[in-house]
Amino acid sequence: MKKVYISADIEGIWGNSNPAYTAKNGYLYPEYCTNMMNEVNLVIDLLFQNGVEEVLVNDGHGNMDNILPSKLDPRAAFVSGNGAYKEFGMMEGIDDSFDGALFIGYHSRCNSPGVMAHTIWGTMVRKIVVDGKELGESGVNKLLANEYGVPVILASGDSEYGKQVQEELGCVFVETKKTLNNQVALCCSLNELKNRYSTSIKEALKVDEKPTLSSFHTMDITFHHSRNADFVARMDNVEKMDDCTVRIEKESYKDLYALMRFVIKVCNAYA
């Protein structure tokens, strides 16, 4: 593999476990961002050590501006921007030129075990179902990569998230910490984390596949509150299915993903 895409989140990063520190008003937020930067840079360095020639990094957490350009490995390109304006959010910048994608620091889906488990927008979204199957952020994002013919080759996060990786992704997994509960984790040593990534990245880069995705897709978005479903159901191409759930449908998954992003952003702004 010569060109690799990285989508990075913060909850699954080594050393991070308390949601109070994942937002910019948290007093340990700079430390959490430092952990994120260090882990992403570790991954980038190992990719280049193993023959990768191009790496693109996209920040997928919150407003998607947690990765500081001045501290990013200078060999890597990156997506910069206000998250609200990223049409594809956590997957901004993905296209068919990539040989593989990595999901770094990800987490479990809402209402399941795992450190800081949630789906897309934790205070608003309860569940996402695509083509009849409930998915977390991993599964939702994988389908977009697959539509471009890009396989997801590695994911990292806590031990409970690792169980969902096998279900949703079926790729190489790096455990960054052992889940004790939603806000407590047992982190391995930093040296052990480096060893795990070193071994796993070598394995992941051996993947040789070109996934495909069928056309026409349905997505059901279930909110925590009925008012959210009521509000977004006024939009074109959004159908209310029950008190808290709306359905969107599109011929291509790319269009479905962009509409999902827009529906949730509009809901957050006004409802």
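Me: How many bridges join strand β4 to strand β7?
Reply: Four, and the two strands run parallel. This is a predicted model, by the way. Strand β4 covers residues 100–106 and strand β7 covers residues 152–158.

Me: Which residue in β7 is the bridge partner of leucine 102?
Reply: That's leucine 154.

Me: And what lies across β4 and β7?
Reply: Helix α2, residues 137–147, running at about 165° to β4. Helix α4 packs on the sheet too, where it touches β4, β7 and β8 (172–181). The direction of α4 makes about 145° with that of β8.

Me: OK, the sheet itself. What's the strand order?
Reply: Going across, you get β3-β2-β1-β4-β7-β8-β9. It's an open sheet of seven strands, with mixed pairing.

Me: Which ones are the edge strands?
Reply: β3 (77–79) and β9 (184–187), as each of them pairs on one side only. On average, neighbouring strands in this sheet are turned by 25° against each other, ignoring direction.

Me: Switching to helices. At what angle do α1 and α4 pack?
Reply: About 40°, with the axes 10 Å apart. Helix α1 is residues 29–49 and helix α4 is residues 190–204. Because of that angle, α1 is oblique to α4.

Me: Is the crossing left-handed or right-handed?
Reply: α1 passes α4 in a right-handed crossing.

Me: Which residues make the contact?
Reply: From α1, you have Glu39, Leu42, Val43, Leu46 and Leu47. From α4, there are Leu193, Lys194, Tyr197, Ser198 and Ile201.

Me: How do those residues divide between nonpolar, polar and charged?
Reply: The contact of α1 with α4 has seven nonpolar residues, one polar and two charged.

Me: New topic: what about β10 and β12, parallel or antiparallel?
Reply: Antiparallel, over six bridges. Strand β10 is residues 217–223 and strand β12 is residues 245–250.

Me: What stands opposite histidine 217?
Reply: Lysine 250, in β12.

Me: Where does β11 come in, and how many bridges does it share with β12?
Reply: Strand β11 is residues 239–240, and it pairs with β12 in the antiparallel sense over two bridges. Lysine 240 stands opposite valine 246 in β12.

Me: And how many residues does the hairpin from β11 to β12 go through?
Reply: Four residues join β11 to β12 in that hairpin.

Methods: Residues numbered from 1 in each chain as written. Predicted model: local features only at pLDDT ≥ 70, side-chain atom pairs only at ≥ 80, totals over all residues. Heavy atoms only, no water. Axes fitted to C-alpha atoms, helices over the stretch in contact; angles between N-to-C directions. Parallel < 35°, antiparallel > 145°, perpendicular 65-115°, else oblique. Left-handed = near helix turned anticlockwise from the far one by under 90°. Contact = heavy atoms within 4.5 Å. Nonpolar A, V, L, I, M, F, W, Y, C, P; charged D, E, K, R; others polar. Pairing = 2+ DSSP bridges.
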